[in-house]
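Morning, everyone. Let me put the model up, and then we'll go through salt bridges, a surface patch and a pocket.

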Amino acid sequence: MRHMSCVTLSDLLSSTRNEAEVDVSAMKINGLTIAGAILAFAFSYCLYSVFGGGGAALAITALISAIMFLAIIFLQAIFIKDTGRMGIMLFLETVAMFLPFIFYVSSFILVGVAITYLMMLWGGVSGKSEMQQAMKIKIFRLGKFILPKAITAISIFVAASYISFFQDQNLVISRETFMKIVPTVDAVAKFVYPNLSLEDSFESALTEISGGENLNKEQIEASRDRFGRLIKLDFDAKESLVNIIYDAYKNYAMAIPSGQKILILVALGFALFITVRSVGAPIYWLVALITAFIYEILLALGFAAVVLETRSKEIVLLK
């Protein structure tokens with residue numbers, strides 16, 4: 001007996017439409033969430049380590065993690081059809097980002113984390129709205145609706161975590177972190193005095209500034225007293241310049257009233273936000289390029305499929 005089935009074009013289009021409106025692979029959705037949470041945590045942990053005195057390697061790792069995390073946020077907006085589910089995913093990733101700073105909780109970081117989450121969610125919702133209006137999925141066009149908001153979110157988190165981290169330390173960075181800044185300042189100082197180093201003692205530096213003239217003990221002590229009154233610090237002339245400068249900075253930072261410290265931290269945090277957001281402008285194109293590359297690979301590997309809706313619109317489906 002032959003069984004014949006007749007499928008009309010209307011039935012086929014209806015089936016495609018219904019399939020496009022739901023996520024059919026929870027495992028793949030969870031995989032995106034796990035990848036996003038790991039990258040968010042890695043970025044935040046490296047950032048925390050940089051604040052604590054970490055070197056250039058940690059800063060580069062933080063940047064790479066942030067770029068890949070932004071790519072995951074972009075992919076989530078493409079693949080996840082349900083806005084509520086995407087919101088949950090972004091919330092979990094935001095929590096993972098917050099974890100390294102859990103012992104530095106303050107109103108600054110709590111507000112910063114909340115704004116970070118809302119900005120990322122706004123970016124994802126904007127991207128989904130654009131996908132619903134567009135006939136074809138164009139990654140670089142779609143990125144204009146997602147990435148600027150996501151990059152702003154990351155910049156806000158960096159600024160908020162910075163303020164909270166140093167608020168607990170009364171504006172005082174560690175001696176190790178301060179020492180990492182010395183080579184840059186030292187290079188600038190050598191433009192004026194080529195033979196001068198911040199590692200030199202005050203006595204040696206005084207001789208260099210005096211043109212190599214040998215100064216007697218009285219002259220050195222008089223110069224030490226004048227400089228000590230200027231920076232409000234009593235020090236030994238044989239102590240290195242870098243230690244003298246750090247001790248003076250520490251004393252100054254500790255003496256600032258609490259209200260003024262908050263204002264200084266907020267100003268520094270705002271400057272950091274502007275800096276990170278400015279760096280994010282060229283990174284936008286890199287993230288979009290990486291996302292497009294990953295997107296095409298995932299389609300080729302069968303992670304998702306592109307189908308046509310009733311008006312010949314591309315829809316991405318998790319298979």
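Glu221, Arg224, Asp225 and Asp234 are linked in a network of salt bridges. By salt bridge I mean a side-chain nitrogen of Lys or Arg within 4 Å of a carboxyl oxygen of Asp or Glu.

Some ground rules. This is a predicted model, so local features need pLDDT of at least 70 and side-chain atom pairs count only at pLDDT 80 or more, while totals for chains, interfaces and linings use all residues. Residues are numbered from 1 along each chain as its sequence is written, and side-chain values use heavy atoms, with hydrogens and water left out.

Glutamate 221 and arginine 224 form a salt bridge at 3.2 Å, N to O. Both sit in helix α9, three residues apart, about one turn of the helix. Helices here are DSSP runs (H or I, at least four residues; strands would be E, at least two), numbered from the N terminus. Arginine 224 also bridges to aspartate 234, with the closest N and O atoms 3.0 Å apart. That pair links distant parts of the chain: arginine 224 is in helix α9, aspartate 234 is in the loop between α9 and α10, and they are ten residues apart.

Buried or exposed: which is arginine 224? Buried, at 13% relative accessibility. Glutamate 221 is partly exposed at 30%, and aspartate 234 is exposed at 68%. The cut-offs: buried is under 20% relative accessible area, exposed is over 50%, partly exposed is in between, with a 1.4 Å probe and protein chains only.

How many salt bridges does a search of the whole structure find? Five. One of them joins glutamate 203 and lysine 238, closest N and O atoms 3.2 Å apart. Glutamate 203 lies in helix α8 (residues 202-209) and lysine 238 in the loop between α9 (217-231) and α10 (241-255), so this pair ties together parts 35 residues apart in sequence. Glutamate 203 is partly exposed at 26%; lysine 238 is exposed at 63%.

**The nonpolar patch**

Next, the surface. A nonpolar patch covers about 1100 Å², and its members include Phe41, Tyr45, Phe91, Leu92 and Leu99. Patch residues have over 30% relative accessible area and no salt bridge; nonpolar side chains (Val, Leu, Ile, Met, Phe, Trp, Tyr) are joined within 5 Å, like charges within 9 Å. Areas come from Shrake-Rupley with a 1.4 Å probe, and for residues only the protein chains shown count as cover.

Which helix gives the largest share? α4, with four residues. Helices α2 (26-51) and α4 (83-98) each supply at least two. Leucine 92 is in α4 and is partly exposed at 44%. Leucine 92 and glycine 36 are 56 residues apart in sequence, but 8.9 Å apart in space, C-alpha to C-alpha. Leucine 99 lies in the loop between α4 and α5 (107-133), partly exposed at 40%.

**The largest pocket**

Last item. The largest pocket holds about 760 Å³ of space. Its lining has 32 residues, with Leu47, Val50, Val158, Leu272 and Val276 nearest the centre. Two or more lining residues come from each of α2, α3 (56-79), α6 (139-167), α7 (175-189) and α11 (258-300). The largest share is eight residues, from α11. By class, the lining splits into 24 nonpolar, seven polar and one charged.

Technical notes: On a 1 Å grid over the protein atoms alone, a cavity is a set of points where a 1.4 Å probe fits but cannot get out, and a pocket is an open set with protein on both sides within 12 Å along at least five of seven lines; lining residues have an atom within 4 Å of a point. Grid points are joined across faces, edges and corners, and a volume is the space filled by probe spheres set on the points. Ala, Val, Leu, Ile, Met, Phe, Trp, Tyr, Cys and Pro count as nonpolar, Asp, Glu, Lys and Arg as charged, and the others, Gly among them, as polar.
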